[in-house]
Amino acid sequence: MSGRSALNRRVKSWPGWVLMVVIAIAFVVVGSTRSSGPQTPEDRVDEITQRIACPVCDGESVFESQNNSSRSIRNRVEQLVRDNELEDQEIVDEIVNAFGGDLLLVPKASGLDALVWLLPAMGLVIGVSGLAVAFRRWRLEAAGTAEATAADRALVEAALADDPDEP
Amino acid sequence: MIAASLNSAFGRAGLLLMLAASIVGGLSIVFGIWQNDRRLLRQAPRYAWLALAGSVLAAVMMQRALITRDFSLAYVQQVGSADTPVLYNFAAMWSALEGSILLWGLTLAGFTAAVAWRFRRRSNDELVAWALFVMFVVTAFFAMLSFGPADAFAAGAPNVFEGPGPNPLLQNHILVLFHPPILYLGYVGFTVPFAFAIAALITGRLGEGWLAETRRWALFSWSFLSIGILLGGWWSYEVLGWSGVWAWDPVENASLLPWLTGTAYIHSVLVQERRGMLRVWNLSLLISTFALTILGTFLTRSGVINSVHAFGDGPVGSWLLGAFVVIMIVSLGLIFWRGDRLRSPGSIDSPISREGAFLANNVLFTVFAFIVLLGTVFPLLVEALQDRRTVVGAPYFDRLTMPIGIVMLFLMAIAPVLPWRKASQELLSTRLFWPGWCGVGAIVFSVLVGADGWAPIIAFGLGGFAAGAALRQIVLATRRQGWRGFVGRANGGMVVHLGVILIAVALAASNSFTHSATLELRDGDVVEWGGHTFALESVTVDINAAESERALKANVLLDGEQVYRPAITTYLNQGITVGTPSVRTGLAKDVYLTLEPGAEPGGDVAVIRVFIKPMILWLWIGGLIMAVGTLLAAFPGQRQRKAVDPVSAPVGGSGPPDDDAVDESAAGTKDSTDGRPRVEVGARSTRTGEGSGEL
């Protein structure tokens with residue numbers, strides 16, 4: 001049994017971990033670098049239309065919606081993809097210019113709309129900072145080096161006041 | 001006319017009984033406690049049964065009105081039709097605002113009665129009495145909604161003898177019968193732990209007793225909410241014809257919000273049960289979960305936010321908003337009032353510990369919920385401040401939540417192997433070794449079968465890592481305890497994790513590797529695409545017996561094996577046309593067919609769209625595993641050890657504990673008499689090893 005444990009420990013030692021990490025990184029790099037993007041023109045159309053709001057629907061994208069307004073936008077996107085002259089973002093801009101209105105499903109990062117990006121980032125920073133502060137306080141308390149709080153002092157004073165041995 | 005008067009009169013009588021019983025039940029509790037009259041407290045549960053009887057009567061009368069096509073009622077005029085098939089006529093009750101509030105009330109009255117029954121021998125206990133009081137108050141509120149702003153039994157216009165029936169999308173798939181009621185079981189179920197949380201604040205018994213009482217209620221509600229959300233995704237996939245399961249629609253978001261905070265709660269509550277810490281945080285999560293169900297209902301039932309499946313724009317919105325405000329004020333006021341009893345004396349020793357992982361989990365879930373809430377209400381904010389329309393859609397949510405999802409998968413891998421209090425590097429390297437190789441195996445496998453792009457490959461790798469960690473726990477537990485290694489909260493929780501991991505991997509695969517094409521099929525030709533063959537056999541028209549639906553179908557032979565029939569269905573009464581997909585489901589991938597406009601009946605040409613979507617079936621299998629895991633988690637584990645109080649003080653220099661396989665359900669907790677956990681310096685529950693083998 002002890003032999004098995006020793007073998008188990010040896011297997012799990014650092015060379016095993018290094019091998020694991022090397023294989024993982026190698027395969028992630030291979031998979032990431034061979035990324036070929038959309039396989040068909042329709043895939044590209046799907047990706048672009050998922051970023052454009054249906055002008056007359058309730059919050060649906062052109063990709064999801066089946067009404068005539070969305071179909072006409074989709075047809076236009078299909079045409080632009082077939083022409084293969086514009087990048088995806090340029091096609092989105094072209095559609096927004098051509099059809100007017102607020103068709104972007106991703107809010108801009110300027111003006112009031114920037115809040116929709118800033119507030120979550122602030123939330124994450126506050127959450128992580130709060131955790132860091134809490135852990136620091138707990139560590140200091142555990143080490144007994146934390147400053148006594150007013151509540152601590154009040155507790156000591158009350159205990160001293162109740163002490164029958166106190167003259 | 002007799003039928004009409006019966007349905008309306010008995011329906012209203014039922015609602016009146018529900019309202020009166022809830023009010024009298026609540027008053028009975030308040031006076032019972034005030035006057036210290038135990039008799040009043042003991043009789044309070046009977047009012048819960050009366051309220052349930054009233055709500056059942058109202059629901060039965062609404063069903064009777066729908067079955068008998070009682071067009072004297074405005075609601076039946078709105079959603080009833082002689083042409084609606086029986087099953088969908090049954091589901092018509094929750095296909096519009098008033099009926100859905102009626103279903104909410106019925107579910108709530110059911111939960112109130114269940115609480116009364118479960119705690120029938122403790123009706124004298126003030127904690128139980130106040131919890132029941134809160135349930136009565138909420139039940140009375142929904143009964144009032146059904147009487148006033150969402151009156152399901154209001155008289156309709158005279159001389160109306162036919163209606164349009166439910167929205168066509170709500171009468172063409174069997175899931176319409178299950179998705180809303182199951183979702184409501186989840187939504188409404190969280191009222192129970194919320195009620196006990198408020199009761200604990202009122203009574204000042206803020207130890208861990210109320211958590212133990214509501215543990216299974218919260219788990220039950222969370223499970224139904226999870227299943228309800230997944231069934232909604234399944235319905236969307238099978239019915240809406242855009243091939244997706246989740247669109248970040250406001251109504252979908254409204255269901256996701258309480259799920260996120262509820263999930264954070266069922267994790268962080270373990271820290272309180274074990275260590276007596278995070279009391280305010282856990283109360284806040286529960287209150288948020290309940291308040292978000294009300295806020296979500298307000299957002300989607302008041303007309304303030306448009307969505308494909310939102311409905312209602314009447315005064316019900318102001319009632320729901322008022323309820324949300326009251327819930328927040330009362331809850332925060334109670335927390336402020338009880339602030340002195342909510343302070344926890346303990347501390348968390350290290351971020352690299354089970355507690356640390358739960359806290360990180362909570363930060364992530366809370367930020368996730370904040371993003372969903374912000375994105376959902378942001379158009380309202382912009383409209384209010386700048387009077388312009390803006391849309392926050394799926395790409396925004398995908399962009400912000402994907403990194404959070406990836407970090408959550410990482411935490412799911414790490415947390416199960418972490419011991420409470422502190423972990424050493426040696427312990428981590430030992431316990432994470434095989435899970436790590438599972439992750440590497442998943443990466444290698446995914447790349448070998450053709451995956452590309454860093455994000456899905458990382459997601460698969462982390463999914464494998466997390467699955468390895470969950471399986472490790474299950475293997476160790478079953479080695480030690482046999483089949484009982486599957487039950488109990490820790491082990492059942494790992495089964496739930498496996499379901500969640502499957503869903504995450506399936507979502508990553510289907511979102512990243514879906515391919516689509518538009519194919520023009522001509523009779524007699526065989527078109528090849530995506531490794532499949534498509535041949536048009538015919539274009540036909542089916543009209544149902546009631547002549548209310550006309551379906552134009554392209555009969556497409558797929559791979560020379562079976563005919564699939566994507567259709568464009570026109571609902572003649574409503575004049576609505578809906579694309580109806582036809583799907584071949586497989587373990588590795590689905591082939592999803594929709595028919596484009598332009599085909600002629602009897603013609604020899606049809607244009608179809610084809611989506612090839614990998615791993616969709618695993619979403620539903622993952623949901624099933626989650627449900628099974630929740631059931632296993634609800635069972636008590638094997639080792640029913642002597643209950644201990646939460647350990648709130650640091651362990652002095654004894655090195656890192658090694659108890660990650662301990663079933664938390666066995667680490668039961670009791671309230672101490674003053675509502676505070678007794679501090680046990682250095683005390684720990686039974687220490688267990690890592691099982692009979694090494695993994």
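Q: In which loop of chain B does B:Asn159 lie?
A: B:Asn159 has a positive phi of about 60 degrees although it is not a glycine. Helices (H or I, at least four residues) and strands (E, at least two) are DSSP runs, numbered from the N terminus. On that numbering, B:Asn159 belongs to the loop between helix 6 (126–147) and helix 7 (175–189) of chain B.

Q: Is B:Asn159 buried or exposed?
A: The model is predicted, with local features needing pLDDT of at least 70 and side-chain atom pairs pLDDT 80 or more, while totals for chains, interfaces and linings use all residues. Residues are numbered from 1 along each chain as its sequence is written, chains are lettered from A and ligands numbered from 1 in the order in which they are written, and side-chain values use heavy atoms, with hydrogens and water left out. Buried means under 20% relative accessible area, exposed over 50%, and partly exposed in between (1.4 Å probe, protein chains only). Because its relative accessible area is 66%, B:Asn159 is exposed.

Q: Which residue lies in the loop between strand 10 (605–614) and helix 20 (616–634) of chain B, and what is its phi?
A: The residue in this loop is B:Met615, which counts as partly exposed at 21% relative accessibility. B:Met615 is not a glycine, although its phi is positive, at about 65 degrees.

Q: Which residue forms a salt bridge with B:Asp151?
A: A salt bridge is a side-chain nitrogen of Lys or Arg within 4 Å of a carboxyl oxygen of Asp or Glu. For B:Asp151 the closest N and O atoms of the pair are 2.9 Å apart, and the partner is B:Arg12. The pair links distant parts of the chain, 139 residues apart, with B:Asp151 in the loop between helix 6 and helix 7 of chain B and B:Arg12 in helix 1 of chain B. B:Asp151 counts as buried at 16% relative accessibility, whereas the partly exposed residue, at 29%, is B:Arg12.

Q: How many residues apart in sequence are the parts tied together by B:Glu355 and B:Arg275?
A: The side chains of B:Glu355 and B:Arg275 meet in a salt bridge of 2.3 Å, N to O. B:Glu355 lies in helix 14 of chain B and B:Arg275 in helix 10 (residues 250–275) of chain B, so the parts that the pair ties together are separated in sequence by 80 residues.

Q: Which residues are linked with A:Arg74 and A:Glu78 in a network of salt bridges?
A: A:Glu78 forms a salt bridge with A:Arg74, the closest N and O atoms being 3.3 Å apart. Both residues lie in helix 4 (residues 68–83) of chain A, 4 residues apart, about one turn of the helix. An α-helix has 3.6 residues a turn, so residues three or four places apart point the same way. The network that contains A:Arg74 and A:Glu78 also includes A:Asp46 and B:Arg609.

Q: How far apart are the end C-alpha atoms of helix 11 (residues 279–301) of chain B?
A: Of its 23 residues, 19 are buried, so helix 11 of chain B is largely enclosed by the rest of the structure. The expected span of a helix is 1.5 Å times one less than its number of residues. For helix 11 of chain B this comes to 33 Å, which agrees with the distance between its end C-alpha atoms, 33 Å.

Q: What distance separates the C-alpha atoms of B:Gly346 and B:Met277?
A: B:Gly346 is found in the loop between helix 13 (339–342) and helix 14 (354–386) of chain B. With a relative accessible area of 4%, B:Gly346 is buried. B:Gly346 and B:Met277 are 69 residues apart along the chain, and their C-alpha atoms are separated by 6.6 Å.

Q: What percentage of the residues in chain A is buried?
A: The secondary structure of chain A comes to 7 helices and 0 strands. Among the 167 residues in chain A, the buried share is 31%.
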